[in-house]
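Dear colleague,

Please find below the structure I promised to hand over. My notes on it follow, arranged by topic.

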Amino acid sequence: MINKELQKRILSSIILLPIAVFFIVQGSIFFICFLSLLLLATGYEWTKMCKKNYYLVIFGIIFLIFSFFLAYYIREKIGLLFFFFIIVICIFTDMGGYVFGKIFKGPKLTSISPNKTYSGVIGSFLISLAAGLIFLQYTNINLFKNNSFEFLLSILFISLISQIGDLIISYFKRLAKIKDTGKILPGHGGLLDRIDGIIFAIPFSYLLFNYLS
């Protein structure tokens with residue numbers, strides 16, 4: 001029996017995912033508008049969460065601008081497939097952690113985020129690896145030049161950064177004594193809750209691209 005919170009999570013994902021894909025695929029001014037809305041929303045959530053620390057607010061806003069700019073750069077200059085590759089790994093990292101954590105439970109990973117478990121970490125890596133391999137199978141992404149070892153390491157690297165990003169935002173939520181950064185997404189919380197891993201994975205994926213090029 002699926003609980004109501006999970007039902008909300010699934011329903012909001014079904015509605016929002018096609019919208020996000022549309023703007024990403026369209027690119028250009030459509031993608032700029034989409035990123036601008038995300039920046040405004042996440043910037044507001046971050047400011048509200050850290051309002052007692054102005055230096056932290058400023059640092060966070062600068063980082064968000066930097067991350068969204070690189071998202072645009074990767075999509076427009078490096079390629080749509082590589083951008084989707086990053087997003088797919090982050091989404092399935094989150095999904096794997098959620099599913100494995102709920103099913104297998106087990107020891108907690110850290111007090112920063114009480115819901116995170118070691119089984120969830122393993123699930124994040126396994127599910128993101130499976131998703132990455134399927135992505136490679138059905139696309140002609142040639143960034144890795146048929147180097148399977150580099151490809152697998154890249155998936156694990158992006159998945160790791162995504163999980164670290166999740167924990168970093170969880171840490172600041174804990175400091176602010178809040179459960180979610182917002183309530184805009186039923187079942188997910190705020191936009192920052194939903195894309196916390198992605199905003200950290202984007203800059204490091206750009207570094208990864210430069211390393212592999």
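**Helix packing around α6**

In this predicted model, the axes of α5 and α6 lie 9 Å apart and the two helices pack at an angle of about 135°. Angles over 145 degrees would count as roughly antiparallel; α5 and α6 are therefore oblique to each other. Their crossing is right-handed. On the α5 side, the contact is made by Val121, Ser124, Phe125, Ser128, Leu129, Gly132, Leu133 and Leu136. The α6 side contributes Phe151, Leu152, Ile155, Leu156, Ser159, Leu160 and Gln163. Sorted by class, the residues in the contact of α5 with α6 are ten nonpolar and five polar, with no charged residues.

Helix α6 also packs with α4: the axes of this pair come within 9 Å and cross at roughly 60°. The pair α4 and α6 is therefore oblique as well, and the crossing of α4 and α6 is right-handed. From α4, the residues involved are Phe85, Ile86, Ile89, Cys90, Thr93 and Asp94. They meet Phe151, Ile155, Ile158, Ser159, Ser162, Gln163 and Asp166 in α6. The contact of α4 with α6 comprises seven nonpolar, four polar and two charged residues.

Gln163 is located in helix α6, and its relative accessibility is 14%. The cut-off for buried is under 20%, so Gln163 counts as buried. Leaving out residues up to four places away in sequence, Gln163 touches Thr93, Val121, Ser124 and Phe125. Of these, Thr93 belongs to α4, while Val121, Ser124 and Phe125 belong to α5.

**The nonpolar core**

The largest nonpolar core contains 45 residues. Those with the most contacts inside this core are Trp46, Phe83, Phe85, Ile86, Ile158 and Ile202. Two or more core residues come from each of α1 (4–26), α2 (28–49), α3 (54–78), α4 (80–104), α5 (118–138), α6 (148–176) and α7 (191–212). Helix α7 supplies the largest share, ten residues.

Which residues does Ile86 contact, leaving aside its neighbours within four places in sequence? The partners of Ile86 are Ile74, Ile158, Ala201, Ile202 and Ser205. Two of these partners, Ile158 and Ile202, are also listed with Ile86 among the residues with the most contacts inside the core.

Leu64 and Tyr55 may be set side by side. Leu64 has its place in helix α3, and Tyr55 lies in helix α3 too. Leu64 is buried, with a relative accessible area of 3%, whereas Tyr55, at 72% relative accessibility, counts as exposed.

Beyond its neighbours within four places in sequence, Leu64 is in contact with Leu39, Thr42, Gly43, Trp46, Leu192 and Ile199. Trp46 is again one of the residues with the most contacts inside the largest nonpolar core. Along the chain, Leu64 and Thr42 are 22 residues apart, yet their C-alpha atoms are separated by 8.0 Å. For Tyr55 and Ser67, twelve residues apart in sequence, the C-alpha to C-alpha distance is 18 Å.

With kind regards

Terms used: Residues numbered from 1 in each chain as written. Predicted model: local features only at pLDDT ≥ 70, side-chain atom pairs only at ≥ 80, totals over all residues. Heavy atoms only, no water. Core = buried A, V, L, I, M, F, W, Y, C linked by side-chain atoms within 4.5 Å. Buried < 20%, exposed > 50% of the residue type's maximum accessible area, 1.4 Å probe, protein only. Helix = DSSP H or I, 4+ residues; strand = E, 2+ residues; numbered from the N terminus. Contact = heavy atoms within 4.5 Å. Axes fitted to C-alpha atoms, helices over the stretch in contact; angles between N-to-C directions. Parallel < 35°, antiparallel > 145°, perpendicular 65-115°, else oblique. Left-handed = near helix turned anticlockwise from the far one by under 90°. Nonpolar A, V, L, I, M, F, W, Y, C, P; charged D, E, K, R; others polar.
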